[in-house]
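Me: I have a new structure to go through. Can we take it piece by piece?

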Amino acid sequence: MTRASSDRAVSSAVTYSLIVVITLTLTTGLVVGTDALVGNQRDRAATEQLDVVGQRLVATIETADRLSATENDPDSLVITREFPRRVAGSQYHISVADAPSGSGSVVTLETVDSEISASMRVDVHSVGGVGETEIAGGRTVVRYDDTADELVIEHA
Amino acid sequence: MVARGPAGRGRPRDSRRQSRPQGTRGQFRLQGSRGQLLLAGAFVLAVGLISLTFVLNASVHTNTLAESETGAVRGGDAVTAREAARGDVGALLGTVNREHDSDYVQAFRDGLPALARGIRDHRAKRGRLVNATLPSSPFTNGTLVKQTAENGSSDYFAKRNTSTGSLIGNRTIMEGTRVRNATFVITNSSGSDSPFVIGFDPATSSRDAWELHVYNGSRGWTLEVFNGGSRVGGPCRPPEARDSVELNIAPATFGSDYCHALSQLNPGSPYNVTFGNGNESKGRFWMVAKDDITGFPSCPSPGNICQDDALYGVDVAFEYRSSTVDYETTLVVTPGEI
């Protein structure tokens, strides 16, 4: 009788310990697993957002190119776009550089802290090209520069 | 046999009574700790799920933004508005050329404000400012050259020798210029051996000459396009047999059907316009040349090529403003220019 009571007490302690260990293990696993999942989803979301913003910027550049395709150069051409200042919680910057092949330009969007990037190529025909630049993401202006006969990307 | 007295029974009972509350308190402590642990775990799990929801929602929001973007925000509406204005102004230009012999400039000046008001009102409903006005010196004068063959007696594309009366089939219609709205209605032509030839020869550059060969052969009316002596694309034929065929060069139609080979025509500028085998082909034509042309009698001159003053083109100051686009340019409107 006494030993049985003693065993029961031991059993409770063991059960308690087991519950604690199992709960801790499960919780830790969930936290680690969720953290990894959240991290992956965050990267995917950032990549998709960079891609979308980049495509919208390229489409805007192409529209500016079509608006410049008149017999006379435009007297004024300014297109202002409201792009998000952050993608998936990260700041990003936009850079435009000449394409390595020599024709066209490459627009690259890259987050500041996680090195996620998206690049896309753009060709313009009615003007001399797109000026090389690097600006912070956010409100962006595509403008025709009649002095240089090129499209200029600026942070507004 | 052990006698159990109240005291003997009572002790274990007492001890149970004493231990039961202790055990109950211990269980409460155990259950309380376990509850706190479960609560903490649930909290962490909830935070993780909420973070996941935020990230997924951001992704969905991104896709929604990408799909909901309109051409107006991107500036595509400005292109549409500009081309619509160009088409409307071109139509007005054609109308005043057709309906006003001498006062076409004033007719155009009178017509443009009403046209611009229509364009402005149409776009204003969507929150955009669009305007079309005339700058200083907007007009480019030209010459309408045509052969209408209204009497139907001498409607050859050839030139008649004034002394002998014979027909000269190969002739230059105009030199060193550019034309628009060139349209031919060929009513009679020989076979493929001697087609009616419309030539565009570069006047100054070293580009190859373009030739349009039109004939009524065994398979009906046929158009063949040549550049530098080589045929461009395949021949074009109207779908059904007909007595005459209309060749409209700028929209690249032959017998009202689109002709891909004709759309390739690109003679540069300036060029000479020539006719070949005009003594074997009959019909009508009209075109507006960019410069002042001389050498033809004034219209009307039925059955002969005649000329008249006309508007070749007009410059229009175009303005478009929306919440995202500021755009100003000067349009040079020359509808149907080759």
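Reply: Let's begin with a strand pair. Strand E1 (residues 129-133) of chain B and strand E16 (residues 306-321) of chain B run antiparallel, joined by five bridges. Strands are DSSP runs of E, at least two residues, and helices are runs of H or I, at least four residues, numbered from the N terminus. Two strands pair if DSSP finds at least two bridges between them.

Me: Which residue stands opposite B:Asn131 in E16(B)?

Reply: That is B:Glu319.

Me: Before more, what should I know about the model?

Reply: This is a predicted model: local features need pLDDT of at least 70, side-chain atom pairs count only at pLDDT 80 or more, and totals for chains, interfaces and linings use all residues. Residues are numbered from 1 along each chain as its sequence is written, chains are lettered from A and ligands numbered from 1 in the order in which they are written, and side-chain values use heavy atoms, with hydrogens and water left out.

Me: Back to E16(B). How many bridges does it share with strand E2 (residues 139-147) of chain B?

Reply: Eight, in the antiparallel sense. One partner pair there is B:Phe139 and B:Val314.

Me: And how many bridges join E16(B) to E17(B)?

Reply: Eight bridges, again with an antiparallel run. B:Asp315 stands opposite B:Val332 of E17(B). The two strands form a hairpin, with three residues between them.

Me: Which strand of chain A is joined to E17(B)?

Reply: Strand E1 (residues 76-82) of chain A, antiparallel, by four bridges. There, A:Ile79 has B:Val325 as its bridge partner.

Me: How many residues of each chain are in contact?

Reply: 38 of chain B and 35 of chain A. Contact means heavy atoms within 4.5 Å. The chains bury about 3,100 Å² between them, 64% of it on carbon and sulfur atoms. Buried area is the accessible area (1.4 Å probe) that two parts lose on being put together, summed over both.

Me: Which side chains meet in a salt bridge?

Reply: A:Glu71 and B:Arg86, at 2.9 Å, N to O. The count between the chains is one. The term means a side-chain nitrogen of Lys or Arg within 4 Å of a carboxyl oxygen of Asp or Glu.

Me: New topic. How many disulfides are there over all chains?

Reply: Two. A disulfide is a pair of cysteine sulfur atoms within 2.5 Å. One of them joins B:Cys236 to B:Cys259, S to S 2.0 Å. That link is right-handed, with 75° about the S-S bond.
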